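Dear colleague,

Please find below the sequence and structure that I am handing over to you. My notes on what was found follow them.

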Amino acid sequence: MRGLYSRLFIAFAILLFILLTGLGVVLGQFFHLIDNGINLQVQRKYWVFLFAILLTAYFISIVVCARVIKQYAKPIDLVSETAEKIARGDYLARAQIDDNGNHNELGVAVNQIARNLQETSILRAMEKERLKTLIESMGSGLLMFGREGSVNLVNGVFEKTFGFKRDELMGKTFMDIGLPEGIGSLIEDVFLTEEVHERQIRNDQSHFNVYGAPVIGHYGNWLGIIVVTHDITKLVRLEEIRKDFVANVSHELRTPITSIKGFTETLLDGAMNDPATLKEFLGIIQKESDRLHLLIIDLLELSGIEREGFQLQYSNVVISDIVDNAVEIVNGMLEKRNMNIVTDIQSEISVEADSDRLIQVMVNLLTNAISYSKEHTTITIEVFETIDEAIINVKDEGMGINQAELPRLFERFYRVDRARSRDSGGTGLGLAIVKHLIEAHGGKVTVESELGVGSVFTIRLQKKSA
């Protein structure tokens, strides 16, 4: 037996036994003194009677004591056990409250404390889960150091980005981890100055914006520092593309404008008086003007495709008709280079698409194939279908493209052979327009190539428009 109830009951029983035993001895001596004249048999009866009375009183006292202690001491014992469970973290424990009308204010208070602690525990667990979800889903790497300089918080993005494991980081200082040099120096600066620091670093092929700041408590006490890494590789890449675009546009515009300006000045200086020179220079000026005109048209076209709100005019389009129209448009270029086109089209394959835009795509691909192929070669157009897609292959027997240049082939102004492209009148925007138009249709364009053998451009279009 344990608890306050058990201990009180045992103590009271022993005390009562001692008191009644002492009382019995005293009464026995008293009866012995006053009954000396009574014979031995009568004395024995007195002693038996006295013992029976004392034993009966003892048991009655025990029963009464047990009921009294049970009523007042046992509830305290039960409340104590409940309090011990709560102290061990079992906030679901509750003290029993009887329904006999006995008020147990202590049990009620302990149960209320348990309910409050349970609600607080649930709230803390929810907040902890929310914080964990936020930290893991924030998209940026997070690293937090305590006041002693060791790591006490890291998220999965940081682990994945820099190739660390959580166990390798927790409890270690930034000098023991082996962080990239830029991050390590920033952390050191934050620790030394207790100020916010921000800088950009490069790790392999990736670029990061690293932000470090001290963590200060409500009362101004130093709690550590926090480091957040943002992957800005795409932004840097876009900035490089923008710079390349501006440089390329400037270069492409400057070349024909310089030619036109130079030949015009030469003519004005007196060359126009020579009919042969005049005709030659005017031909060059016309050629450069046409090139400048095509460049501006392609720039406007590409800008319109990329603009928000660009829409396609969908209709049911038969791909064989698209191919025939495109071949008819480039027929003059084919005859000039003594080239021919072979088509292999399966039945009447149709898709939901913008007819004019698909013709533009095919003309750009065929023009590109003609420009980069040798004379007296053949261009092959294959059209076939799967359950959901229509696939168009444009094969040429040209110079081919190096594998290292394939990923950049659809960039604006990117040319495999710049001199040849300019001689052919290309602007360097044709494949970029093809890529944007096919993606606007929800399709995909890819290229495979082998140097000295040729290239294959593949277009995949969904039969049903999304």
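The notes below go from the whole chain to individual residues.

The model is predicted, so local features need pLDDT of at least 70 and side-chain atom pairs count only at pLDDT 80 or more, while totals for chains, interfaces and linings use all residues. Residues are numbered from 1 along each chain as its sequence is written, and side-chain values use heavy atoms, with hydrogens and water left out.

Overall composition

The protein has 15 helices and 12 strands; helices (H or I, at least four residues) and strands (E, at least two) are DSSP runs numbered from the N terminus. Of its 466 residues, 36% count as buried, where buried means under 20% relative accessible area, exposed over 50%, and partly exposed in between, with a 1.4 Å probe and protein chains only. Among contacts (heavy atoms within 4.5 Å) with a separation of 6 or more, residues 24 or more positions apart account for 59%.

Packing of H13 and H15

Two packed helices are described by the angle between their axes and the distance between the axes. Helix H13 (residues 355-371) and helix H15 (residues 430-440) pack at about 145°, with their axes 9 Å apart. Axes here are lines fitted to C-alpha atoms, for helices over the stretch in contact, and angles run from 0 to 180 degrees between N-to-C directions. The crossing of H13 and H15 is left-handed, a term for a near helix turned anticlockwise from the far one by less than a right angle, with clockwise being right-handed. On the H13 side, the contact is made by Arg357, Leu358, Gln360, Val361, Asn364, Leu365 and Asn368; H15 contributes Gly430, Leu431, Ile433, Val434, Leu437 and Ile438. By class, this contact has 8 nonpolar, 4 polar and 1 charged residues. The classes are nonpolar for Ala, Val, Leu, Ile, Met, Phe, Trp, Tyr, Cys and Pro, charged for Asp, Glu, Lys and Arg, and polar for the others, Gly among them.

The buried residues of H15 are Leu431, Ala432, Ile433, Val434, Leu437 and Ile438. Just after H15, Gly442 takes a positive phi of about 80°.

Cavities

A cavity is a set of points, on a 1 Å grid over the protein atoms alone, where a 1.4 Å probe fits but cannot get out, and lining residues have an atom within 4 Å of a point. Grid points are joined across faces, edges and corners, and a volume is the space filled by probe spheres set on the points. The count comes to 3 cavities of 30 Å³ or more. The second largest cavity has a volume of about 50 Å³, and its lining consists of Tyr314, Val351, Glu352, Ala353, His441, Leu461, Gln462, Lys464 and Ser465. Strand E8 (350-353) and strand E12 (454-462) each supply at least two residues of this lining, and E8 gives the most, with 3 residues. The lining of the second largest cavity has 4 nonpolar, 3 polar and 2 charged residues.

Buried residues

Ile392 lies in strand E10 (residues 389-395) and is buried, with a relative accessible area of 6%. Ile392 and Ile459 are 67 residues apart in sequence, yet 5.0 Å apart in space, C-alpha to C-alpha. Neighbours within four places in sequence aside, Ile392 is in contact with Ile319, Met362, Ile381, Glu382, Val383, Phe457, Thr458 and Ile459.

Phe164 is placed in the loop between helix H5 (156-162) and helix H6 (166-169), and is buried at a relative accessible area of 14%. With neighbours up to four places away left out, its contacts are Phe158, Glu159, Leu169, Ile177, Gly178 and Leu179. Between Phe164 and Ile177 there are 8.9 Å in space, C-alpha to C-alpha, and the two are 13 residues apart in sequence.

His207, in strand E4 (residues 206-216), counts as buried because its relative accessibility is 18%.

Backbone with positive phi

Most residues other than glycine have a negative phi. Glu194 has a positive phi of about 55° although it is not a glycine; Glu194 is found in the loop between helix H8 (181-193) and strand E3 (197-203) and is partly exposed, at 48% relative accessible area. Asn338 also has a positive phi, near 55°, and sits in the loop between helix H12 (331-336) and strand E7 (340-345). Asn338 is partly exposed, with a relative accessible area of 44%.

Yours sincerely

Notes. On a 1 Å grid over the protein atoms alone, a cavity is a set of points where a 1.4 Å probe fits but cannot get out, and a pocket is an open set with protein on both sides within 12 Å along at least five of seven lines; lining residues have an atom within 4 Å of a point.
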